[in-house]
Amino acid sequence: MIGIVDYNAGNIKSVERALLSLNANFILSKKPSELENCERLIVPGVGEAKYAMEQFKKTGFDSFLKDWAKSKKPMLGICLGSQIVFEHSEEGDVDCLGLLKGEIKLFNTVWKKEEKNPGLKVPQIGWNDLNFANGGSKLLAGVPEHSDFYFVHSYLIQPEDKTIVKAWVDYGTQVPACVESENITVFQCHPEKSGKCGLQVLKNFING
């Protein structure tokens with residue numbers, strides 16, 4: 001059984017539709033207690049990190065997700081769900097879950113630090129091709145390198161440990177697109193909106 005965390009943040013319907021197309025058994029819930037017995041967990045989301053953390057604290061999902069990470073059961077984060085597993089976000093200057101070490105920075109902050117001026121629009125909206133790194137991810141099995149995935153984001157993951165980056169895209173800098181550490185795998189892109197390759201990622205997650 002797959003659990004989907006519902007915290008009023010965006011792309012839940014598209015995740016539901018993708019899982020239905022794969023004939024997956026899942027539960028969508030706003031209550032941590034209803035997801036406790038699931039085998040795998042998806043944390044979706046589109047929106048602001050500060051709002052997400054406020055919702056997590058109101059519902060108890062903050063402590064639930066920390067306990068889930070310790071349980072070693074698989075967790076998949078998508079878009080905003082990929083960012084809030086880290087320690088701090090520049091978006092709203094908010095402390096996040098801290099499941100992985102690193103920060104979330106605005107594109108312009110990263111470009112300025114790297115002394116780059118790529119002249120690209122923020123947010124990044126559209127398709128970009130994945131470059132695999134550090135052996136790739138188990139969830140990318142059956143997905144050819146340089147496959148296109150769909151992105152919508154203004155902030156990007158800056159992990160402390162660069163070896164956990166399993167795929168990246170070029171958008172004026174190397175943007176971590178997939179990060180994986182033990183039982184936690186997160187995608188900055190939207191697998192559920194990325195056609196056959198995205199569905200393959202979700203299928204890999206469902207099948208373990």
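In which sense do strand S5 and S6 pair, and over how many bridges? Strand S5 (residues 88-89) and S6 pair in the antiparallel sense, over two bridges. The structure is a predicted model, in which local features need pLDDT of at least 70 and side-chain atom pairs count only at pLDDT 80 or more, while totals for chains, interfaces and linings use all residues. Residues are numbered from 1 along each chain as its sequence is written, and side-chain values use heavy atoms, with hydrogens and water left out.

**Sheet**

- An open sheet of four strands runs in the order S6-S5-S7-S11, with mixed pairing; two strands pair if DSSP finds at least two bridges between them.
- Strand S6 (94-95) and strand S11 (155-159) stand at the edges with a single partner strand each, so one side of each is left without a neighbour in the sheet.
- Strands (E, at least two residues) and helices (H or I, at least four) are DSSP runs numbered from the N terminus.

**Packing of H2 and H3**

- Helix H2 (residues 49-59) packs against helix H3 (residues 61-71) at an angle of about 90 degrees, with their axes 5 Å apart.
- That angle makes H2 roughly perpendicular to H3, a term that covers 65 to 115 degrees.
- Phe56, Lys57 and Thr59 of H2 meet Phe61, Asp62 and Leu65 of H3 in this contact (heavy atoms within 4.5 Å).
- The residues of this contact comprise three nonpolar, one polar and two charged.

**Nonpolar cores**

- The largest nonpolar core has 33 residues, and those with the most contacts inside it are Val5, Tyr7, Val43, Phe56, Leu65 and Ile84.
- A nonpolar core is a set of buried Ala, Val, Leu, Ile, Met, Phe, Trp, Tyr and Cys residues joined through side-chain atoms within 4.5 Å; buried means under 20% relative accessible area (1.4 Å probe, protein chains only).
- Leaving aside residues up to four places away in sequence, Ile84 touches Tyr7, Val43, Ala49, Ala52, Met53, Phe56, Cys96, Leu97 and Gly98.
- A second, separate core of 32 residues includes Val110, Leu139, Leu140 and Phe205.

**Helix H1**

- In helix H1 (residues 12-21), the buried residues are Ile12, Ser14, Val15, Glu16, Ala18 and Leu19.
- Among the elements covering the buried residues of H1 are strand S1 (2-5), strand S2 (26-29), S3, strand S4 (75-78) and helix H6 (195-207).
- Asn23, which follows H1, has a positive phi near 60 degrees.

Definitions and conventions
Axes fitted to C-alpha atoms, helices over the stretch in contact; angles between N-to-C directions. Parallel < 35°, antiparallel > 145°, perpendicular 65-115°, else oblique. Nonpolar A, V, L, I, M, F, W, Y, C, P; charged D, E, K, R; others polar. Buried < 20%, exposed > 50% of the residue type's maximum accessible area, 1.4 Å probe, protein only.
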